[in-house]
Amino acid sequence: MSTSTQAPEQPRTRGPIDDAPTAPVAVTRRTPQGRFMKILPWIVTPALVILIVLAWHLYVTIAKVNPFVFPPPAAVGEAFVVLLADPATWSEVGITVTEILAGFAIAVVLGVLVGVLLGKLPWLELSIRPLIVISQVAPKVAFIPLFVIWFGFGMTSKIVLAALLAFFPVMLNVLLGVRSVERGQREVMSSLNASRFQTFTQLELRSLQPYLFAGMEVAIVLATIGAIVGEYLGGSEGLGAMVVRAMNSLDASRTFALILLLSLIGLVLYLIVNEAKRFFIPWHESVYGLRAET
């Protein structure tokens, strides 16, 4: 009779790879409260719009406000339909949207480059921080005449103004993202003999992405404001210039319709950036946490 002996199993030693950070796993749990939260915006937002329009209509009717000063909602709606039916409007929309997107793209590229550089070099950030703050607190409207002199009345001056407004939130958020990486995570990458490029692409870039998209959500709004203000004060084309022409002709209904159109364009651009965040960083808590609740 033979007996066999088996060596006891040796405990496995934890290596550096076991301590590497892993992305959280999204668990979707649909609850009645989550379903209600998902449809809530589709109920509350239209209801608020209806209440605002009703209050607007009652005010101009009861107070008998002059329509040249404050037109009723029906007149604004009619002017909005006429505005959308005019092919010239869409040509101006294309100009304004091009200025917004070009300024936004320039701000994102420069913001990422400068933010990463300042995040890696704290001494440089401390040295030029006063200049950055001064460039942001200075009234941007005062630069418009200079931009018109330097770049003309065309699209270039509006793009520069849009980029100038949108640059700071992107740069600041990227700077915070680079510095938000924990020391322990850097030590793990060092123990895995990762190069600086690998550490940046696999750790730091992943960590700063939520900060980048947070800055981009603010930047797209500021780029929209910059392009429109530039057209309003120093342009001959675009929706901002159309607003000036409508005001000069004392057409309040058309002015309100143009403001409504500009607001919708800004909302659509913001939603596009927000959806891009959901696509590129589905692992982040700001995205998967909301999905888990709904």
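**Labels and their grounds**

Author: Helix α9 is followed by L250, a residue whose phi is positive, near 60 degrees; helices here are DSSP runs of H or I with at least four residues, and strands are runs of E with at least two, numbered from the N terminus. The model is predicted, so that local features need pLDDT of at least 70 and side-chain atom pairs count only at pLDDT 80 or more, while totals for chains, interfaces and linings use all residues. Residues are numbered from 1 along each chain as its sequence is written, and side-chain values use heavy atoms, with hydrogens and water left out.

Reader: What makes the phi of L250 worth a remark, and where does L250 lie?

Author: L250 is not a glycine, yet its phi is positive, about 60 degrees, and L250 sits in the loop between α9 and α10. Most residues other than glycine have a negative phi. A second residue of this kind is K64, again not a glycine, with a positive phi near 55 degrees, and K64 belongs to the loop between α1 and α2.

Reader: How do you know which class L239 belongs to?

Author: L239, a residue of helix α9, has a relative accessibility of 0%, and so it counts as buried. In α9 (residues 239–248), G240, A241, M242, V243 and A246 are buried along with L239.

Reader: Which residues does L239 touch, once its neighbours within four places in sequence are left aside?

Author: L239 is in contact (heavy atoms within 4.5 Å) with T89, E92, V93, T96, E231, L258, L261, L262 and I265. The C-alpha atoms of L239 and E92 are separated by 5.7 Å, although the two residues are 147 apart along the chain.

Reader: What makes a group of residues a nonpolar core, and how many residues has the largest one?

Author: A core is a set of buried Ala, Val, Leu, Ile, Met, Phe, Trp, Tyr and Cys residues joined through side-chain atoms within 4.5 Å. The largest has 41 residues, and those with the most contacts inside it are F104, M216, L239, L258 and L261. At least two residues of this core come from each of α2, α3 (87–120), α4 (122–137), α6 (155–179), α8 (196–234), α9 and α10, and the largest share, nine residues, is that of α8. In soluble globular proteins, nonpolar side chains tend to be buried together.

Reader: Why is the pair of W150 and F151 called edge-to-face?

Author: Rings of Phe, Tyr and Trp (its six-membered ring) pair if their centres lie within 6.5 Å, and planes under 30 degrees apart are stacked, over 60 edge-to-face and the rest tilted. There are nine aromatic pairs in the structure. W150 is exposed at 56%, F151 at 37% is partly exposed, and both F279 and F280 are exposed. Elsewhere, ring pairs link W56, Y59, F70 and F256 into a cluster.

Reader: What makes a space a pocket or a cavity?

Author: On a 1 Å grid over the protein atoms alone, a cavity is a set of points where a 1.4 Å probe fits but cannot get out, whereas a pocket is an open set with protein on both sides within 12 Å along at least five of seven lines; lining residues have an atom within 4 Å of a point. Points are joined across faces, edges and corners, and a volume is the space filled by probe spheres set on them.

Reader: Which residues and elements line the second largest pocket?

Author: That pocket has a volume of about 470 Å³. It is lined by 13 residues, of which V49, V53, W56, L260 and L264 are closest to its centre. The elements giving two or more residues to this lining are α1 (32–62), α2 (73–85) and α10 (252–280), and α10 gives the most, six. By class (Ala, Val, Leu, Ile, Met, Phe, Trp, Tyr, Cys and Pro nonpolar; Asp, Glu, Lys and Arg charged; the others, Gly among them, polar), the lining has 11 nonpolar, two polar and no charged residues.

Reader: Which residues line the largest cavity?

Author: The count comes to one cavity of 30 Å³ or more. The largest cavity, with about 30 Å³ of space, is lined by I144, F147, V148, S157, K158, L161 and G230.

Conventions
Buried < 20%, exposed > 50% of the residue type's maximum accessible area, 1.4 Å probe, protein only.
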